[in-house]
Amino acid sequence: MADLEDHHPFTVEHTGAASGELDSPEQPLRLDESTRAQALLAAQPVVEGHTEPPLVFDPEDLPPVRAAEVAAQLWSLRTPPDEGVIGTLRRIDGIRALVAACPEDLRLAQTTAEMAHAVNCGRVAAVLGPVSWSAVAGSIAALRAYHALGVRAVNLTRFDGFAREAVREMNRLGLVVDLSGADPESVRRTLSLTRAPVLLTRAEPEELRELPDDVLGLLGGNGGVCMVPVTEDPSVAADALDRVRALAGPHCVGLSHTTDPATGYAPLFAELLRRDWPAPDLVALSHDNATRTLREAEFLSRTKRLRGAA
């Protein structure tokens, strides 16, 4: 995707003086924040951390309004604890069927290269994950099976003896650790162990308020990404993103989803422009940070496998 700074989409020039008036030097007309936000999102669409599958897997349920602003989506495989592995497999099967039924809109992606290819073809890249921690069922074999099916993220919500082993295996496989909903101590212990960046694919503002400042600092050191949902009031998400950006760094902000697909992300980006967020930080928020996290997980996995083969 092209860099915004190369195209300067936020200024236009006056067309000239009216007939009979003296010509004046042409001055650039600065566009309002809403127009600038729309231009930014058109050039730099969003990687969403949490896309909820429709209750009925019907192509008519696809949200076409979001397509212009979205490059890729992590499709949630979270299930109630009583559904476990079987419920997760049904979700994977349903999402795959939906993607296959919508070839002009969606394309399944298992790598960042496939994500980029989908976008270049005018499709939204669909990435499987995260899986619920309960659906791992305390089994390393289950992690490997999910990875083989194309899953690329698992939601770790508590840290125990098995979690320690699981994080190491996820690093080896290239599965991203999703810490959404984990308590602060579990986040600390996971960040001290993992060698790959983590995600918080659904960092609700109220949950973020419970994360101490030092935990966000650790997230910054890990290079992980905190993905915040956008509600009807964009200032709520903007406040949360301001805190993450200040404590963890601009490389750690991302977007989870929007609760109002018809409105999309433009109101949030307009609010952030009013708060003087620079264009590079907005591009990082939109897609660069999330893509980097997935790419670094892939790179670490390849490195570990090559070392193991050697």
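**Entry 1: two loop residues**

I began with Ala137, which is exposed at a relative accessible area of 54%. I am working from a predicted model, so I kept to local features with pLDDT of at least 70. Ala137 sits in the loop between β6 and α5. Its phi is positive, about 60°, although Ala137 is not a glycine.

I then looked up Asp276, another non-glycine residue with a positive phi, here about 70°. I found Asp276 in the loop that runs between α11 (266–274) and α12 (279–309). Asp276 counts as exposed because its relative accessibility is 65% and the cut-off for exposed is over 50%.

**Entry 2: a cis peptide**

Which residues does the cis peptide bond join? I traced it to Gly129 and Pro130, with omega at about 10°. Pro130 belongs to strand β6 (residues 124–131).

Next I asked myself: is His147 buried or exposed? His147 is buried, with 15% relative accessible area. This histidine is part of helix α5 (residues 140–148). Setting aside neighbours within four places in sequence, I listed Arg152, Leu173, Leu175 and Arg305 as the contacts of His147.

Arg168 is in helix α6 (residues 161–173), and at 46% relative accessibility I noted Arg168 as partly exposed. I also checked Arg168 against Arg195: they are 27 residues apart in sequence, and their C-alpha atoms are 8.3 Å apart in space.

**Entry 3: helices α7 and α9**

I turned to a helix pair, α7 (residues 184–193) and α9 (residues 213–222), whose axes come within 10 Å and cross at roughly 25°. Angles under 35 degrees count as roughly parallel, so I logged α7 and α9 as roughly parallel to each other. The crossing of α7 past α9 is left-handed. On the α7 side, the contact is made by Pro184, Val187, Arg188 and Leu191; on the α9 side, by Asp214, Val215, Leu218, Leu219 and Asn222. Sorted by class, that contact has 6 nonpolar, 1 polar and 2 charged residues.

**Entry 4: the nonpolar cores**

Last, I looked inside. The largest nonpolar core has 71 residues. Which of its residues touch the most other members? I wrote down Leu143, Leu179, Leu208, Leu241, Leu255, Phe269 and Leu285. I followed up on Leu241: leaving out residues up to four places away in sequence, Leu241 touches Val228, Val253, Gly254, Leu255, Leu268, Leu272, Trp277 and Leu285. A reminder to myself: in soluble globular proteins, nonpolar side chains tend to be buried together.

How values were computed: Residues numbered from 1 in each chain as written. Predicted model: local features only at pLDDT ≥ 70, side-chain atom pairs only at ≥ 80, totals over all residues. Heavy atoms only, no water. Core = buried A, V, L, I, M, F, W, Y, C linked by side-chain atoms within 4.5 Å. Buried < 20%, exposed > 50% of the residue type's maximum accessible area, 1.4 Å probe, protein only. Contact = heavy atoms within 4.5 Å. Axes fitted to C-alpha atoms, helices over the stretch in contact; angles between N-to-C directions. Helix = DSSP H or I, 4+ residues; strand = E, 2+ residues; numbered from the N terminus. Parallel < 35°, antiparallel > 145°, perpendicular 65-115°, else oblique. Left-handed = near helix turned anticlockwise from the far one by under 90°. Nonpolar A, V, L, I, M, F, W, Y, C, P; charged D, E, K, R; others polar.
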